[in-house]
Amino acid sequence: MSKLVVIDHPLVQHKMAMLRDKELGTKDFRELVNEITMFLGYEVTRDLPMKEVEIETPLVKSKQNVIAGKKLAIAPILRAGLGMVDGMLLLMPAAKVGHIGMFRDEETLQPQEYFFKMPQDIEEREVIVVDPMLATGGSVIMAIDSLVKRNVKPENIKFVCLVAAPEGVKALQDAYPEVDIFTGALDEKLNEDGYILPGLGDAGDRLFGTL
């Protein structure tokens with residue numbers, strides 16, 4: 001079974017509380033999403049492989065650890081996932097970025113894919129899929145389906161979100177037990193419309209000012 005990692009650092013929880021406030025403006029919402037994503041990115045990269053190299057300081061030669069060349073890709077689920085890309089790139093500036101376009105059918109609540117574009121060597125990379133919300137789990141499962149069809153191994157995929165519902169966590173773990181989940185908060189439940197409670201509203205609308 002995949003790991004579920006809820007980042008309970010005090011700064012993350014403080015910023016998450018601010019993010020949920022319905023009075024928060026678009027500019028501040030975007031900035032907080034970036035900041036929280038950086039904290040999440042710090043945790044999701046904790047297990048990157050290391051190698052020892054020799055460097056020369058101003059005083060002596062010294063053996064030090066550096067990341068062992070693991071190739072990374074960030075795959076935001078459009079459109080809300082775009083809001084998390086910059087925060088990830090601040091930590092991983094060499095990562096490639098792909099895009100997965102999804103929209104949710106408001107009647108069936110099922111995701112529909114309309115766009116998919118990844119780096120040519122995506123099957124050789126560890127892929128971090130990002131989307132602010134893990135609600136029903138349908139969108140991220142379909143996104144991972146699309147990656148697996150392109151020969152990405154499920155064990156090389158991680159999913160990062162700001163807020164998760166228990167229903168979405170279970171759905172993703174049932175579909176892809178190899179994929180670890182990182183989130184800033186595990187909320188109570190979904191309402192009858194498939195929105196997370198207490199949640200933070202529609203992340204895409206709040207990021208892009210389309211309320």
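User: What space, in Å³, lies in the largest pocket?
Analyst: In this predicted model, local features need pLDDT of at least 70 and side-chain atom pairs pLDDT 80 or more, while totals for chains, interfaces and linings use all residues. Residues are numbered from 1 along each chain as its sequence is written, and side-chain values use heavy atoms, without hydrogens and water. A pocket is an open set of points on a 1 Å grid over the protein atoms alone, where a 1.4 Å probe fits, with protein on both sides within 12 Å along at least five of seven lines. With points joined across faces, edges and corners, and volume taken as the space filled by probe spheres set on them, the largest pocket has about 680 Å³.

User: Which residues lining the largest pocket are the closest to its centre?
Analyst: Lining residues have an atom within 4 Å of a point. The lining of the largest pocket comprises 34 residues, and β4 (72-78), β6 (99-104), β7 (111-117), β9, α4 and α6 (203-208) each give two or more of them. Helices (H or I, at least four residues) and strands (E, at least two) are DSSP runs, numbered from the N terminus. The residues closest to the centre are Arg104, Asp131, Met133, Ser139 and Asp202.

User: Why does Leu134 count as buried?
Analyst: Leu134 is found in strand β9, residues 133-134. Beyond residues up to four places away in sequence, Leu134 touches Val140, Phe159, Cys161, Val163, Ala164, Ala165, Gly168, Val169, Leu172, Ile181 and Ile196, a contact being heavy atoms within 4.5 Å. Buried means under 20% relative accessible area (1.4 Å probe, protein chains only). Leu134 therefore counts as buried, its relative accessibility being 1%.

User: Is Gly137 buried or exposed?
Analyst: Gly137 is found in the loop between β9 and α4 (138-149). Its relative accessibility is 4%, so Gly137 counts as buried.

User: Where is Ile196 placed?
Analyst: At 6% relative accessibility, Ile196 counts as buried. Leaving aside neighbours within four places in sequence, Ile196 is in contact with Met133, Leu134, Ala135, Val163, Ala164, Ala165, Asp187, Lys189 and Leu190. The C-alpha atoms of Ile196 and Thr136 lie 8.8 Å apart, across 60 residues of sequence. Ile196 belongs to strand β14, residues 196-197.

User: What distance separates the C-alpha atoms of Asn156 and Arg125?
Analyst: Asn156 lies in the loop between α4 and β10 (157-161). Neighbours within four places in sequence aside, Asn156 is in contact with Lys70, Arg125, Glu126 and Val127. Asn156 and Arg125 are 31 residues apart along the chain, and their C-alpha atoms are separated by 7.3 Å.

User: What volume has the second largest pocket?
Analyst: Among the residues that line the second largest pocket are Lys70, Lys71, Leu72 and Arg125. The volume of the second largest pocket is about 200 Å³.

Notes: Buried < 20%, exposed > 50% of the residue type's maximum accessible area, 1.4 Å probe, protein only.
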